[in-house]
Amino acid sequence: MDVIRRTFLAALAVSSLLLATGANAASPDNTLILETSKGKVTIELRPDLAPKHVAQIKTLVGKHFYDGIIFHRVIEGFMAQTGDPTGTGMGGSDLPDIPAEFSKTHFGRGTVGMARAQDPDSANSQFFIMFADGSFLDGQYTVWGQVTEGMDVVDKINRGEPPASPDKIVKARLASNPN
């Protein structure tokens, strides 16, 4: 019995150490950093939920697509939307649209989802970050990330559709690639 107890305590100590050192954190390849005009936002990418969406985001980040793009639709108590190079909500990238990857994941505060038109398979480059609960979006929009740091920064983004003085993504990068 003493051996079982010592083994359990050792396993518990290792688990605690792993949690304390951040070993369960997203890998640098699945960590998106948005340097915004209000500060830094860190997003854990979720390829387990939406592999095609995460791949498209990574491709666009690698092309510096998001650098300089404004938050064009920011609704108090709902979400901040970005990813449109025209700043109108009507634009996208030159990459193909992505088929929907809906899941049962809840749209809560800090959830990052892909914007789309009425066609569920029309997501391209625009995305939004939730300010608050949005359960009415569950199963109807693709969740591809979660803010892990910087929700205080997201909360400061200027409101409006479009905002009179829009904030922007200064630079988007993966933690694994500072360029």
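Mentor: Let's start with a word you'll need: a residue is buried when its relative accessible area is under 20%, exposed when over 50%, and partly exposed in between, using a 1.4 Å probe and protein chains only. What you're looking at is a predicted model, where local features need pLDDT of at least 70, side-chain atom pairs count only at pLDDT 80 or more, and totals for chains, interfaces and linings use all residues. Residues are numbered from 1 along each chain as its sequence is written, and side-chain values use heavy atoms, with hydrogens and water left out.

Trainee: OK, let me try that word. Is Asn-124 buried or exposed, going by its relative accessible area?

Mentor: Buried, because its relative accessible area is 8%. Across the 179 residues of the protein chain, 41% count as buried.

Trainee: And which elements does the loop with Asn-124 lie between?

Mentor: Helices (H or I, at least four residues) and strands (E, at least two) are DSSP runs, numbered from the N terminus. Asn-124 sits in the loop between strand E5 (111-114) and strand E6 (127-130).

Trainee: What does the side chain of Asn-124 join up with in a polar contact?

Mentor: A polar contact is a pair of N or O atoms within 3.5 Å; within protein, one must be able to donate a hydrogen and the other to accept it, and residues adjacent in sequence count only if both atoms are side-chain atoms. Here the side chains of Asn-124 and Ser-93 make one at 2.7 Å.

Trainee: Which residues does Asn-124 touch, leaving out those up to four places away in sequence?

Mentor: Contact means heavy atoms within 4.5 Å. With that exclusion, Asn-124 touches several residues, including Gln-56, Leu-60, Ser-93, Pro-96 and Met-114.

Trainee: Now the strands. What is their order in the open sheet?

Mentor: Two strands pair if DSSP finds at least two bridges between them. The eight strands of this open sheet come in the order E3-E4-E6-E5-E7-E2-E1-E8, with antiparallel pairing. Strand E3 (71-75) and strand E8 (169-174) are at the edges with a single partner strand each, so one side of each has no neighbour in the sheet. From one strand to the next, the twist averages 25°.

Trainee: How many bridges do E1 and E2 pair over?

Mentor: Six, in the antiparallel sense. A hairpin of two residues links E1 to E2, and Leu-32 has Ile-43 in E2 as its bridge partner. On to E7: E2 runs antiparallel to it, with four bridges, and Glu-44 stands opposite Gln-146 in E7. Strand E4 (residues 79-82) also runs antiparallel to E6 over four bridges, with Thr-82 partnered by Phe-127 in E6.

Trainee: Which strands does helix H2 lie across?

Mentor: For angles, axes are lines fitted to C-alpha atoms, for helices over the stretch in contact, and the values run from 0 to 180 degrees between N-to-C directions. Helix H2 (residues 51-62) lies across strand E1 (31-36), strand E2 (39-45), E5, E6, E7 and E8, at about 120° to E8.

Trainee: What pattern does the protein chain follow along the sequence?

Mentor: Reading along, you get α-β-β-α-β-β-β-β-β-α-β, with three helices and eight strands.
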